[in-house]
Amino acid sequence: MRFLSTRDAAPTADLVQVLQAGLAPDGGLYLAEHIPVLEPDAFAGAHTPAQVGARLLAPYFAGSALESGLSMLCDEAFAQSIPLHALRGAGDHVLELFHGPSAAFKDIGARFLAAALARLRMPDDPLRTILVATSGDTGGAVAAAFHRRAGFRVLILYPQEGVAPRQARQLGAFDGNVQAYRVDGTFDDCQRMVKAALGDAELRTRVALGSANSISLGRLLPQAGYYAWAALTHWRGTGRALSFVVPTGNLGNALAAVIARRMGLPIARIVLACNANDTLPRYFAGEPYATWPGRRTLANAMDVGAPSNFERLRALYSNDAALRADLSAFTVDDDAIVATLHAAAAHHGIEPCPHTATALHVLERLRAQDERGDYAVVATAHPAKFAEVVEPVFGHAVAVPEALARWLARPSHSLPLTADDAALRALLLADPSC
Ligand SMILES: *Cc1c(COP(=O)(O)O)cnc(C)c1O
């Protein structure tokens, strides 16, 4: 399989180049040159998320250096429980993606990418520094995925005022090859600093850099695996297609659902739940696409005004009308998030995180409009990660899952960093190898 940039100005690339590069050299995002459609019997005998994921991804890996390792990569990426259970309302379900090491769905894609890069590493390769800018969940997932992997170190940049206290603790809790830096600026500053370093050709001749952000196809593709598994499991059990409501920020998670549906899986509707950052709801309501600065909300991992994967989503459709016909998006403000958190236990029988609450709220709205069919709300994080938001609403403490508790029990340590491209450059050059 060959891969193309969304901007069409870069040469086509093979899978290994795509996984190692992250971003295409023309600044675009990689997509497979065509999305393969699988026959239903392609999944015969595949029952676990890892097995379904390996069948789904096989066409992308065919002929690459990773072809024979694909099922092992899937075993590693999907080594967490991924329950799909029924909720209280008829036809309502939840797909829980938060049982991994950092208690957010990003663990699955991050572990797949880390395992793939580790497998591609040659014995003489220099130590590779993975740079991540994070407003919370990405940093924890990427750090956990690369922690103690020989040949890699991770530098996490997070805005010192912009992440939840428990997220900050977790980011600082990795020892050894992971170092967290608290930047005296915003998430946008962190992202700009990382982009400047990755785009600095001279710096890259002196320090081996890598990225693992959500535009990397190596994080996106494996996410299609859990949608395929959930839809297939539901279809095998009921004979019906499943629809998904996906809490959405940069569109990486929802795009994986779109890819799984394109590949022939029995997925009906895909609905995006956004917080007050309503770039996508406005577009899907018919307005021209326009981005905005991100605004802070209670669902902070979705505080995105310029969804980075929109370019990729748009490239999958011949025009705006076709895209708008295939997806829908709704905005959920903080008041509605709080109201949903408050009533979720009584209405649905679960206590969600604020991000998952946006999706529950959208499902409630759809049901109120007589929307039929079976739906799964995608639960993107464990509520304990956002204790300061959910606990006052629930009126009680939320037990911390064991994987997360292990990190939180460790001493947390971060270093200060000035919000300046030159500061990161100097840091990397001062110590290119440790
Ligand atoms: C990252 C994140 C999201 C948004 O996912 P995208 O792929 O950026 O759309 C939603 N919820 C949680 C908990 C997240 O960490």
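**Ground rules.** Residues are numbered from 1 along each chain as its sequence is written, and side-chain values use heavy atoms, with hydrogens and water left out. As the model is predicted, local features need pLDDT of at least 70 and side-chain atom pairs count only at pLDDT 80 or more, while totals for chains, interfaces and linings use all residues.

**Entry 1, the count.** I looked for salt bridges (a side-chain nitrogen of Lys or Arg within 4 Å of a carboxyl oxygen of Asp or Glu). My search of the whole structure turned up 17.

Helices (H or I, at least four residues) and strands (E, at least two) are DSSP runs, numbered from the N terminus.

Is Asp 92 buried or exposed? I looked it up: Asp 92 is buried at 6% relative accessibility, whereas Arg 367 is partly exposed at 22%. (Buried means under 20% relative accessible area, exposed over 50%, partly exposed in between, with a 1.4 Å probe and protein chains only.)

**Entry 4, Glu 202 and Arg 206.** Their closest N and O atoms are 2.9 Å apart. Both lie in helix H8 (residues 201-206), four residues apart, about one turn of the helix. I also saw that salt bridges link Asp 200, Glu 202, Arg 206 and Arg 425 in a network.
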